[in-house]
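The following report considers how selected residues are placed within one protein model. Please view the sequence and the structure before reading on.

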Amino acid sequence: MNGLSVAQSGLVANVPTNWKIKGTDGQGHILWQDSTSGTVAIWTMNGLTVAQSASLGAVSSNWVIQGTGDFNGDGIIDILWQDTNTGTVAIWLINANLQVAQTGTIGAVGSPWQIALTGDYNGDGNSDILWRNTTTGDVAVWFINGVTVSSTATVANVPTTWTIQSANAE
């Protein structure tokens, strides 16, 4: 896109329907997951060309990608996971070679808390995690530094009939 105009369009690749886009980062990275095998892959785009691609491995079906972001400030898409059985939250940090450079478990949260969004909420260059309690309407944030929660904060309480929407198009 060039503002509101399409600068370039075209067919990039023919991808089987069991592969789903799980995230993008505005830097030309596209995160994919095979819904059948659990395999995760990443593409680095150069316009309409896949400049680099890599498989990151397969994960069991109880681990769900809850979001993407740049949790360590290196400009590369990272992956936010949650175990649907235990509520455990983990991050995979991806390096410039499209490899999992570091992993870490950062906590566990049970129902009714849900991950709403990721974004840099304190301006430090690292993505953070915005949480929503679907029963009470409480909103909280975990400030992330790599694979560590550096601090947490309660943001507000909003009616449960309201939804949280991203303010940007990334």
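## Cores and buried polar residues

Apart from neighbours within four places in sequence, Ile42 is in contact (heavy atoms within 4.5 Å) with His29, Ile30, Gln52, Ser53, Ala54, Leu56, Ile77, Ile94 and Leu98. The model is predicted: local features need pLDDT of at least 70, side-chain atom pairs count only at pLDDT 80 or more, and totals for chains, interfaces and linings use all residues. Residues are numbered from 1 along each chain as its sequence is written, and side-chain values use heavy atoms, without hydrogens and water.

A nonpolar core is a set of buried Ala, Val, Leu, Ile, Met, Phe, Trp, Tyr and Cys residues joined through side-chain atoms within 4.5 Å; buried means under 20% relative accessible area, with a 1.4 Å probe and protein chains only. The largest such core has 15 residues, and Ile42, Leu56 and Ile94 are among those with the most contacts inside it. Strands 3, 4, 6 and 7 each give two or more residues to this core.

Asp78, in strand 6, is buried but has no salt bridge, a term for a side-chain nitrogen of Lys or Arg within 4 Å of a carboxyl oxygen of Asp or Glu. Lys22, the nearest side chain of opposite charge, is 18 Å away.

Gln33 lies in strand 2 and counts as buried because its relative accessibility is 10%. The table lists polar contacts, which are pairs of N or O atoms within 3.5 Å, one able to donate a hydrogen and the other to accept it.

| Side chain | Backbone atom | Distance |
|---|---|---|
| Gln33 | oxygen of Gly38 | 3.2 Å |
| Asp78 | nitrogen of Phe71 | 2.9 Å |
| Asp78 | nitrogen of Ile94 | 2.8 Å |

Notes: Helix = DSSP H or I, 4+ residues; strand = E, 2+ residues; numbered from the N terminus. Buried < 20%, exposed > 50% of the residue type's maximum accessible area, 1.4 Å probe, protein only. Lys, Arg positive; Asp, Glu negative; His and termini not counted.
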